[in-house]
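Morning, everyone. Please have a look at the model on the screen, and then I will walk you through it.

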Amino acid sequence: MSGYNPPPEQQQQNGSNESGGTESLMTMAIQQQDSMIDELAVGVSRLRDQSSAIGDEARLHTSLLNDTEANLDAAHQGLGDETRRAARLRTDADGLWKLQLIVAGLFILFVFQFVLGSM
């Protein structure tokens, strides 16, 4: 209220300083945002690479599990076949003792024949 008014040139300079300061703050804020966006882009790129690697590994594990399942199915089938074969041999073993008895009897007859024949 002193009634002092700076000359119009000085008023324009003050106004340009204020707008220059605002522009410089905005420029700094934009640069900071650009920097943050660049950092986010790098992070997103890393996440993409990691997710791709995880996907590849998951596909590999799926393939390995499928192979393991196929091998287990084959082993199960082979085990079933061997179990049936063992059961058949067990029933055939009932006839086997008869065959062994016949062979033993023939051997005894051969021994008697040999002993009696050499006398």
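I will take confidence and fold, then surface, then side-chain pairs.

Some ground rules. This is a predicted model, where local features need pLDDT of at least 70, side-chain atom pairs count only at pLDDT 80 or more, and totals for chains, interfaces and linings use all residues. Residues are numbered from 1 along each chain as its sequence is written, and side-chain values use heavy atoms, with hydrogens and water left out.

Confidence, then. The mean pLDDT of the protein chain is 83, and 79% of the residues score at least 70. That score is the predictor's confidence in each residue, from 0 to 100. Watch residues 12-16: the pLDDT there is below 50, and the stretch has zero contacts in the model beyond near neighbours in sequence. Contact here means heavy atoms within 4.5 Å.

Next, the fold. How many helices and strands are there in the protein chain? One helix, zero strands. Both are DSSP runs, numbered from the N terminus: helices are H or I with at least four residues, strands are E with at least two. Helix α1 covers residues 8-118.

Now burial. Of the 119 residues in the protein chain, 1% are buried. Buried means under 20% relative accessible area, exposed means over 50%, and partly exposed is in between (1.4 Å probe, protein chains only).

The protein chain has about 11000 Å² of accessible surface, and carbon and sulfur atoms account for 63% of that. Areas come from the Shrake-Rupley method with a 1.4 Å probe; for residues, only the protein chains shown count as cover.

There is a nonpolar patch of about 850 Å², made by F107, I108, F110, V111, F112, F114, V115 and L116. Patch residues have over 30% relative accessible area and no salt bridge; like charges are joined within 9 Å, and nonpolar side chains (Val, Leu, Ile, Met, Phe, Trp, Tyr) within 5 Å. Take V115, in helix α1. V115 counts as partly exposed because its relative accessibility is 39%.

F110 and F114 form it, stacked, at 6.4 Å centre to centre with 20° between the planes. The criterion: rings of Phe, Tyr and Trp (its six-membered ring) pair if their centres lie within 6.5 Å, with planes under 30 degrees apart stacked, over 60 edge-to-face, and the rest tilted. F110 and F114 sit four residues apart in helix α1, about one turn. Both are exposed.

Last, charges. The structure has four salt bridges. That means a side-chain nitrogen of Lys or Arg within 4 Å of a carboxyl oxygen of Asp or Glu. Here are some of them.

R48 bridges to D49, at 3.3 Å from N to O. R48 is exposed at 54% relative accessibility, and D49 is partly exposed at 43%.

D56 bridges to R59, with the closest N and O atoms 2.5 Å apart. Why about one helical turn between D56 and R59? Because they are three residues apart in helix α1. D56 is partly exposed at 43%; R59 is exposed at 54%.

D81 meets R84 at 2.4 Å, N to O. This pair is also in helix α1, three residues apart, about one turn. D81 is partly exposed, with a relative accessible area of 29%.

Over to you for questions.
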